Amino acid sequence: MAKVPVQFTLNGSEKAEFVDSGTTLLHALRDKIGDTSPKGGCHQGTCGACSVIIDGELRLSCLTLAETCNGVAITTTAGLSEAGVLHPLQRAFLEAFATQCGFCTPGMIMAAKVLLDHTPNPSRDEVVEALSGNICRCTGYEPIIQAVLTAARSNSQNAA
Amino acid sequence: MALALQTFATVKDANAALKAAGTRYLGGGTLVIRAANEGDVSVSGFVRSTEPSLSTIAVAGGKVRIGASVTMSTISRHADLGALAKAARAVGGPAVRNMATIGGNLFAPAPYGDFAVALLALDAIVGTDDGEAPIEIFLANRYGSAIVTSVSFALPKADSFRFLKVSRVKPKGVSVLSIASVLELAPDGTVSSARIALGCMADRPMRAKSAENALIGQSLTKDGIASALAAVNDGTSPATDPIASAWYRNEVLPVHLGRLLLG
Amino acid sequence: MAIRRGRGVAAINYPTGMNLGGDPTQALVHSTPTGNFMVTLSSVDLGQGMKQIMAQICAETIGVPTDRVVVDTADTDTGPHCMGTFASRGTHRAGNAVIQAAREARQVMLEVAAEELEVNASDLETDGQGNILVKGAPQKSISIFDVALSAHFKRGRSISGRGMFLIPRSYPEKETGAMKPSTCYAHACTVAEVEVDDETGEVTVLTVKNVFEIGRALNPKMVEQQLVGGSWMGISHALYETTEPYYPNRDHGGTDFNQYLMPGPGDLAETEIIVLERPSADGPYGAKGPGEMCANPQIPAVANAVFDAVGVRIDTLPITPERILRALKAQAAN
Amino acid sequence: MELRKNYFADVRKDDLHEIGQPRPRSDSPGHVTGKTAFFADRNFPGMLHLKMVRSPHHHARIRSIDASEAERHPGVVRVLTAKDVPHNVYTILILIQIGPEDETVLADGKVRWKGEAVVAVLAETERAAQEAVAKVKVDYEVLPAVFDMEEALKPGAPLVNEYHGQNYYLYDSGECRKVRFGDVEAGFAGADHVLEQSYQSSPIEHAPTETTGCLVVPEGNDRFTCYTNTQAMFFTLDNTSIILQMPGSKLHFVGGTVGGGFGGKVDVIVEPIAILGAKLTGRPVCFIYSREEEMQISSPRAAEKIVIKDGVMKDGRIVARKVTGYTDAGAYSRHSPYGAQKGAGHYPGPYTIPNVWIDTYCVYTNRTPSSAMRGFGVTIGDFALEVQMDKLARLIGMDPLEFRFINAYRDGDMKAHRQPTEGAALIECMQEASRAANWPVAEKFMAMTSYVKGA
């Protein structure tokens with residue numbers, strides 16, 4: 001089977017792998033590189049659990065071929081905390097009790113991060129829109145929306 | 001066999017590679033990678049082209065040319081395409097919009113393909129290496145076409161473009177139906193020209209020509225639009241699917257058209 | 001076009017656990033040499049927080065802070081039997097088993113402490129902070145850390161316990177149906193307020209006010225998680241969900257999250273949750289199972305609210321716009 | 001959320017250290033950092049992918065299966081059919097004596113629902129398995145199918161499941177589980193109004209974000225480790241032991257961290273065949289449902305039909321209630337006979353009614369087998385009961401909330417299944433709802449209590 005080289009940065013560190021042509025980024029991250037924070041909830045693009053950030057944009061890693069990611073910078077939820085200190089979004093999800101089973105959580109946090117990176121003080125409607133591609137079956141969404149709004153507030157307080 | 005991806009610098013070479021059985025053109029991946037993931041064994045390989053013109057937007061003299069690889073989110077953010085932002089944002093969630101392309105949307109079967117409905121109302125021209133075709137003709141023969149390279153249309157006059165997507169789930173759900181219209185008004189406020197496109201009301205986006213005709217010369221009032229609403233179901237043949245039945249789609253189409261026209 | 005508003009109420013109860021096979025769950029508890037406690041189970045955490053709650057139950061029973069308890073669950077090589085996580089049984093059944101195991105471990109712990117302090121074990125109590133005190137003379141105390149060291153390295157005692165939950169199996173009497181189907185019951189009452197678009201049949205749930213009686217909120221924030229998520233699922237069941245939209249016709253079943261309909265983050269009702277606690281006689285610290293029943297009362301409350309709004313009864317779930325529109329048209333035709 | 005501590009304060013100790021405290025969840029730091037290990041967050045070298053050939057028909061006889069082309073397909077390591085499964089016909093609750101065994105692990109001679117597993121393919125890659133699945137040729141003779149429960153119960157309906165011999169589950173009490181309490185016909189005869197209404201639901205999917213699945217690793221010591229998201233570790237271990245005729249000591253199940261269950265992961269479906277694959281190939285095997293399989297193949301909540309007939313007095317007392325419930329089990333039992341029985345134990349709801357008659361049927365049709373889901377046996381019943389309550393209240397011109405107070409059960413009241421009510425709190429929930437929703441009821445109802453009258 002034809003192997004193709006893939007080289008990108010993942011959470012700031014250089015990665016180089018050979019993958020089967022046609023391998024999705026989700027499989028490459030999980031099975032080759034060992035970052036299992038993106039989850040495979042549907043492989044259809046309908047649940048958002050596999051969401052990652054590629055060059056600042058939210059993407060579905062299940063519908064992205066790894067070999068189209070050469071040279072890009074990828075962020076996953078596994079890379080958000082630094083030196084054991086949680087990212088404000090992670091802390092807000094914890095404190096708002098916004099996780100239950102936790103399977104959707106990494107994707108939700110990715111979607112929320114992209115929002116806050118571009119819109120530091122989002123309205124509720126903007127949060128709802130940002131999370132709209134991510135399915136949660138446990139929480140009823142409200143705690144997650146509240147966590148994102150809380151993280152935004154704490155960010156703006158820190159900035160002030 | 002592995003699903004190999006072949007990347008070509010030119011659309012011409014990509015078109016040639018697509019002649020091989022089982023190959024599919026890879027745009028944003030939201031359709032073809034999904035099909036492969038779901039075990040569609042008729043897909044045996046992907047072809048794409050990195051030709052730069054596929055990714056550009058050109059706006060000049062009231063005309064717009066959008067390269068086929070331009071994504072929904074790029075369109076929704078583009079300063080000159082503000083009128084279309086609502087239609088571009090109607091496609092998927094944020095991640096899907098960062099991937100889904102304008103070219104790909106032309107191939108999305110109902111209940112998907114909301115942006116193609118907008119393009120139909122705009123009377124867009126679809127470009128391929130084989131030449132250009134009006135979107136209505138293109139959609140009728142869309143599967144098996146050469147790679148779409150561009151979509152072009154005249155920018156609608158201010159406020160003349162309207163778009164409505166009806167879905168069960170908010171803010172992001174697939175369509176019960178979608179409606180796009182381009183209406184131009186005479187100085188007396190009556191409709192001088194009308195194009196109305198419907199999504200999910202047939203096996204592909206369709207024009208509501210009877211309703212368009214019924215609007216000409218009418219004002220956008222409850223009485224003025226009545227005959228258009230009465231005619232909008234002419235020629236529809238919606239599908240029954242998990243979202244809604246054909247009966248329901250036909251029942252609420254005039255209601256939603258009325259709200260779009262009066263809104 | 002008219003948007004019409006209505007409200008509806010529903011009241012329900014819900015059984016905790018089942019009675020098949022006596023509904024058993026077992027637990028083991030033991031201390032480490034430095035006085036941390038391991039709870040070993042085969043119960044499954046589905047996301048409701050089973051591990052955290054078992055830790056709190058064990059901690060309360062032993063008399064230590066929760067962060068000194070580790071729950072090791074769902075490894076069949078090490079964990080004793082659990083029937084499984086379903087039927088609102090997890091907290092109740094496993095919790096009872098953990099209490100029993102923790103009590104046995106606590107007794108050994110107190111006996112070792114008694115030897116160290118040269119008093120009777122029955123004269124000792126825990127302060128919940130990790131210390132064992134002589135009742136009435138709290139200056140005479142020993143830390144659980146030291147007790148565990150003593151047990152392991154000096155006195156040769158295993159600070160451990162076994163616990164199990166088992167009730168007699170109830171076979172329904174053939175002719176009368178006399179049976180004991182479960183143990184304690186949780187309760188709820190929900191009032192829902194809706195708007196119905198009478199031209200499209202679309203329903204918007206404006207508010208749901210849910211009152212739940214759940215025995216005891218062992219961890220109020222986790223209870224809230226369950227109840228808020230459950231309330232959402234109840235509304236979802238009422239208005240959206242099915243794998244067979246045209247049942248009993250088998251066609252057109254959804255195969256993804258686009259086609260299988262559930263309310264999105266833009267469809268949320270303003271949700272109020274009020275919790276009452278009438279401790280159950282048989283539950284761990286009085287707890288009942290809230291996980292399932294919290295998704296039930298919204299369904300009839302929404303159905304009744306739709307009737308209140310537009311005067312048509314939809315007696316078939318889900319209450320789709322199509323069903324409402326068909327009923328409204330039939331109503332208009334009469 | 002508000003805790004209303006004023007209710008039941010006399011019977012509750014609120015001075016506990018850890019219980020009642022909003023401690024942070026110990027698993028959340030793992031969730032928010034993506035470090036929580038779900039079963040599939042493991043990767044084993046040489047792991048094979050299992051994909052199923054599924055029935056395209058609702059009901060058909062299998063004339064023949066030709067897997068030769070699939071077996072030769074590049075990457076395919078093994079193809080499994082019914083004859084490879086040591087004990088192919090099973091039922092989940094057999095360990096607690098709820099039979100008969102009525103379901104095939106892999107279809108043997110017949111398929112009874114569209115999507116039923118027929119042939120399992122094990123291949124080096126998911127793609128190779130998918131391609132090979134498409135190459136398995138199954139020759140079917142399509143049989144008439146039945147989808148409607150009432151049709152299924154009629155004489156002459158196609159027989160769904162030969163292991164039952166009729167299209168309903170045969171309880172020791174006969175064709176349905178029965179509850180008989182008082183004299184329901186006398187109750188109707190003496191009632192001011194009688195109202196009979198019918199309610200219906202359709203199947204509902206649990207739709208957890210993590211699909212059902214497992215990974216199996218042969219350990220080299222003749223044992224197999226199965227990483228699974230089952231909701232019931234020992235149901236799974238014990239049933240696997242039966243199906244594979246393998247001592248339970250050879251099986252090691254690891255799980256407990258599940259991406260949502262809601263009842264959808266209590267069936268024992270993926271593990272036995274994956275372990276069989278690992279045993280026969282000596283390789284690690286993963287069998288994870290696709291989203292499409294989760295939505296249409298995994299057991300849903302059963303569709304139900306519920307007919308309620310009530311006798312009610314003008315003063316608001318319900319004097320008789322007759323409930324006939326039908327649970328659509330689909331083609332196999334799984335947990336549905338228990339679900340229907342649980343319904344029988346739940347009716348007539350949290351109300352004290354002197355004359356009650358309950359019949360609950362578990363009916364077989366040619367659709368995806370249903371099983372447990374959050375609120376099993378009760379959720380749809382509560383919908384029917386509480387809409388019926390609304391109708392009854394309006395029938396006699398009474399406020400729906402006040403009508404419920406009149407009938408609400410209280411401590412000591414005898415339930416239809418002959419258990420005295422203990423620990424009731426319906427009245428207090430309704431009182432608090434009355435306040436919270438600004439839905440006033442008469443003072444006498446606000447003064448009521450669930451405690452035993454006079455106590």
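Two residues are in contact if their C-beta atoms, placed from the backbone, lie within 7 Å. The legends below describe a predicted model.

**View 1. The contact between chain C and chain D.** Chain C contributes 104 residues to this contact and chain D contributes 105 residues. On the side of chain C that touches chain D, at least two residues each come from strand S1 (3-15), helix H1 (50-62), strand S9 (185-197), strand S10 (203-213), helix H4 (220-239), strand S11 (270-276) and helix H5 (298-310) of chain C. The most is given by S1(C), with eight residues. Sorted by class, this side of chain C holds 52 nonpolar, 30 polar and 22 charged residues.

**View 2. Strand pairing between S11(C) and S1(D).** S11(C) and strand S1 (residues 2-3) of chain D run parallel and are joined by two bridges. C:Ile274 has D:Glu2, in S1(D), as its bridge partner.

**View 3. The contact between chain B and chain D.** Five residues of chain B and six residues of chain D take part. The side of chain B that touches chain D consists of three nonpolar, one polar and one charged residues.

**View 4. The fold of chain A.** Chain A has five helices and five strands, in the order β-β-α-β-β-β-α-α-α-α from the N terminus on. Along the principal axes, the C-alpha atoms of chain A fill a box of roughly 50 × 35 × 25 Å. Of the 160 residues of chain A, 62% are buried. Among the contacts in chain A between residues at least 6 apart in sequence, 57% link residues at least 24 apart.

Key
Residues numbered from 1 in each chain as written. Chains lettered and ligands numbered in written order. Predicted model: local features only at pLDDT ≥ 70, side-chain atom pairs only at ≥ 80, totals over all residues. Helix = DSSP H or I, 4+ residues; strand = E, 2+ residues; numbered from the N terminus. Nonpolar A, V, L, I, M, F, W, Y, C, P; charged D, E, K, R; others polar. Pairing = 2+ DSSP bridges. Buried ≥ 20, exposed ≤ 12 C-beta atoms within 10 Å, placed from the backbone.
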